[in-house]
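Please read its points alongside the sequence and the model.

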Amino acid sequence: MTTPSALERPTGVPFPRRLAARLVLLPALALSLLPPRRLRAVLHLARRGATAATAVQAGDARDAMCAVSLRCAGPKGCLPRSLGAALLCRLSGTWPTWCAGVRVVPPFTAHAWIEADGRPVAEDVPDDYFARLLTVAPGSRSRR
């Protein structure tokens with residue numbers, strides 16, 4: 001028997017932001033199917049020229065993804081949610097640190113998330129709860 005539960009979806013996300021989130025949803029779902037090496041390569045290309053996202057910008061992008069997609073709002077939607085939030089930030093010229101890793105305490109669980117200012121965005125866990133295996137941080141603007 002299962003216990004009924006309801007997903008909490010953010011409210012108050014402006015229409016233009018929801019529209020932009022819908023725009024990046026399909027690419028985020030497609031990217032979630034790539035193997036890790038290719039995914040990292042694509043994200044490295046996507047982040048070029050972007051500045052580091054603030055915690056507010058990254059949180060707004062994450063909220064927008066959860067507002068437009070039940071899959072992203074769900075407990076198993078971490079990969080498309082994090083990819084969509086990163087791509088949504090990129091549309092505004094910023095980039096959060098995209099991370100994929102595992103939970104450090106048993107049981108083993110893989111997870112993907114975004115970080116800003118060195119902290120996970122809206123994860124409601126301590127900063128060291130996950131071990132990072134893949135990261136794509138904002139690039140340096142000084143490189144040509």
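1. In helix H2 of this predicted model, the buried residues are Leu 39, Leu 43 and Arg 47; buried denotes under 20% relative accessible area, exposed over 50%, and partly exposed in between, with a 1.4 Å probe and protein chains only. Because these residues cover an arc of only 65° around the axis, they fall on the same side of H2; the arc is taken from the directions from the helix axis to the C-beta atoms. Arg 37, Arg 38 and Leu 45 are exposed on the other side of H2.

2. H2 comprises 12 residues, 36–47, and its span of 16 Å from first C-alpha to last is close to the expected 16 Å at 1.5 Å a residue. That expectation is 1.5 Å times one less than the number of residues. Helices (H or I, at least four residues) and strands (E, at least two) are DSSP runs numbered from the N terminus.

3. The buried residues of H2 pack against helices H1 (15–31) and H5 (78–91), and against strands S2 (94–95), S3 (97–103) and S6 (130–136). Just after H2, Gly 49 adopts a positive phi of about 80°.

4. Arg 119 belongs to strand S5, residues 119–120. Setting aside neighbours within four places in sequence, Arg 119 contacts Ile 114 and Asp 127, contact being heavy atoms within 4.5 Å.

5. Residues are numbered from 1 along each chain as its sequence is written. Local features need pLDDT of at least 70, side-chain atom pairs count only at pLDDT 80 or more, totals for chains, interfaces and linings use all residues, and side-chain values use heavy atoms, leaving out hydrogens and water.
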